[in-house]
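Here's a quick tour of the model you have open.

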Amino acid sequence: GGGRAAPGGVAPANAGRAPPDALPRGSEKMPSPSVSGRGARVPMTAREQTDELERVGSSPGSRKAAAAPALGKMQSPPESLSPKASGRPSASAASTAGAAGTGEGAVDAPAAAGSSASLAGRVQVLLEDGWHDSPPEEVTQVFRQIAGGQTRFTLATTRGMYIIEMQGKDGATQTHVHTKKSRKMRILEDSAPQSPRERARFELQEKYGPQSKRGNAPQQQLEVIANDPHAVACFETLFKREEELCGDWAVFYHSYSLPALIYEVHAAVANMLFGFDSSRSTLPRLLVKDFAQTPDAGSLIKRFNDEFITTKKDHCLEYRKAAISVMCSLVSLGPECSIPILFRFGYSEKDVPYQGVLDNLLEACHVPKGKTKKVAKSIIALCDKYGLDVSQFGGKKRSNEQNGHMLQIFVRRRFLDDIAYASAPYGDVDSTRHPISKWLGGDAATHYGQARVVANPTTFLSDKCVRMYSAHSDPEFHANRGQFQLELIKLLRPLLGEGKTRERVATTLYGGVLPAWWKDDAS
């Protein structure tokens with residue numbers, strides 16, 4: 001929660017196993033299609049794809065080499081964010097196209113070589129537990145086909161050959177050539193800067209480089225994790241992701257430990273109802289009604305100065321409902337915390353009614369009061385099974401010290417001042433770094449200074465505004481979190497019901513009015 005010390009967040013490790021941001025889903029990481037060797041496939045040429053389509057019985061003229069298909073636009077968040085205006089697109093609102101998914105988690109896809117900027121983004125596949133991102137090598141193949149005007153084509157993957165239909169009767173789908181298993185697909189567009197001025201700004205940010213290394217920020221704090229191979233691998237992935245996204249995204253790090261159960265349940269419920277990719281990260285807040293008076297950073301600052309500053313400041317319950325504490329660099333030295341140190345232990349305040357937060361969440365999910373304790377007990381037992389500290393919920397306290405969890409939170413630069421503000425300890429605005437967009441948009445060192453982020457679900461559920469990745473100091477939980485999420489979703493799914501019941505739950509969680517993009521994808 002929004003404690004006085006600003007936590008940090010970390011991305012998954014990449015030490016000789018599946019990248020942690022591509023969390024395991026019960027199977028080993030398959031060789032990349034772009035890598036030669038036993039078990040790997042090299043992407044097919046256009047001629048080979050045509051031959052394959054004809055071999056499996058495609059109809060004449062199904063490959064259209066005309067203009068690229070008209071893809072439905074995803075609802076774009078407004079320039080000034082509000083609870084009712086932005087959110088995560090559902091299948092019906094997103095642009096549709098297909099690619100085969102690995103089922104191993106979320107991987108951001110770069111724009112395909114030769115594709116138009118308007119098709120830069122990510123390709124998702126609808127698996128049993130929700131939408132999941134396809135790996136970059138497959139996204140590249142899909143975007144190349146779309147840029148070439150194809151509406152039906154084959155996709156070569158390590159799992160076999162797929163037929164991609166972007167304009168079929170059921171919308172965009174992928175169908176395995178041999179098993180005939182078909183799944184829904186969609187594209188989430190991520191437009192690159194178009195105007196010369198935007199392009200210049202983008203290139204300037206890339207020239208400045210990763211946020212944690214700007215301004216010649218000292219890096220010696222990383223010596224704290226030097227003897228922990230898992231932590232080292234995590235930080236390497238974090239730095240790499242910063243470098244890849246620094247052109248259009250600023251980054252924050254949020255550390256936590258005791259709220260892990262709440263964050264995980266938020267993510268699982270959001271996966272089932274709002275298409276949130278819970279294999280990629282947890283979700284700090286889910287109840288939109290908690291943001292009625294503080295939908296953005298500006299309103300939070302005003303309320304802080306009017307109400308909270310004379311009482312408990314950022315320890316006020318109403319403040320904590322809306323905001324989380326963050327740091328702005330992987331090598332943060334303070335004030336009050338160091339990101340490399342927090343990675344192992346996590347950060348939490350104990351003056352939070354964690355059990356009450358869980359009970360309120362279950363109530364918002366329309367769990368009957370007579371069943372709340374039983375459901376909570378099942379959730380606690382599952383979390384304990386996977387090694388989470390559930391001591392604040394009446395469960396066991398972990399004996400080892402690896403209780404740290406971190407979120408790496410990317411915020412698109414144009415929304416920075418709507419979502420975050422530079423803060424001193426306890427939440428006061430730090431005027432020397434305000435507005436935060438100016439500070440994080442320059443070449444200044446960011447290794448000293450806290451911030452607060454308004455974790456409004458209407459923005460945190462939108463990949464056009466916020467992108468998150470989680471990492472965990474316990475290597476075992478880090479490696480098994482994907483399977484944990486699957487089991488948690490299986491446990492919670494019956495509670496959400498079907499049809500009108502699911503819609504009623506989603507409406508309650510979203511503050512009483514569903515966003516225009518919402519669609520029940522349970523089927």
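Patches are made of residues with over 30% relative accessible area and no salt bridge, with nonpolar side chains (Val, Leu, Ile, Met, Phe, Trp, Tyr) joined within 5 Å and like charges within 9 Å. A salt bridge puts a side-chain nitrogen of Lys or Arg within 4 Å of a carboxyl oxygen of Asp or Glu. Areas come from the Shrake-Rupley method with a 1.4 Å probe, and for residues only the protein chains shown count as cover.

With that in hand, V224, I341 and F345 make a nonpolar surface patch of about 250 Å². F345 sits in helix α8 (residues 339–345); helices are DSSP runs of H or I with at least four residues, strands are E runs of at least two, and both are numbered from the N terminus.

This is a predicted model, where local features need pLDDT of at least 70 and side-chain atom pairs 80 or more, while totals for chains, interfaces and linings use all residues. Numbering starts from 1 along each chain as its sequence is written, and side-chain values use heavy atoms, leaving out hydrogens and water.

How buried or exposed are a few residues? Buried means under 20% relative accessible area, exposed over 50%, and partly exposed in between (1.4 Å probe, protein chains only).

| Residue | Relative accessible area | Class |
|---|---|---|
| C316 | 11% | buried |
| C328 | 0% | buried |
| F345 | 40% | partly exposed |

As for disulfides (cysteine sulfur atoms within 2.5 Å), a search of the whole structure finds zero.

Overall, the protein has 15 helices and twelve strands, and 59% of its 523 residues count as buried.
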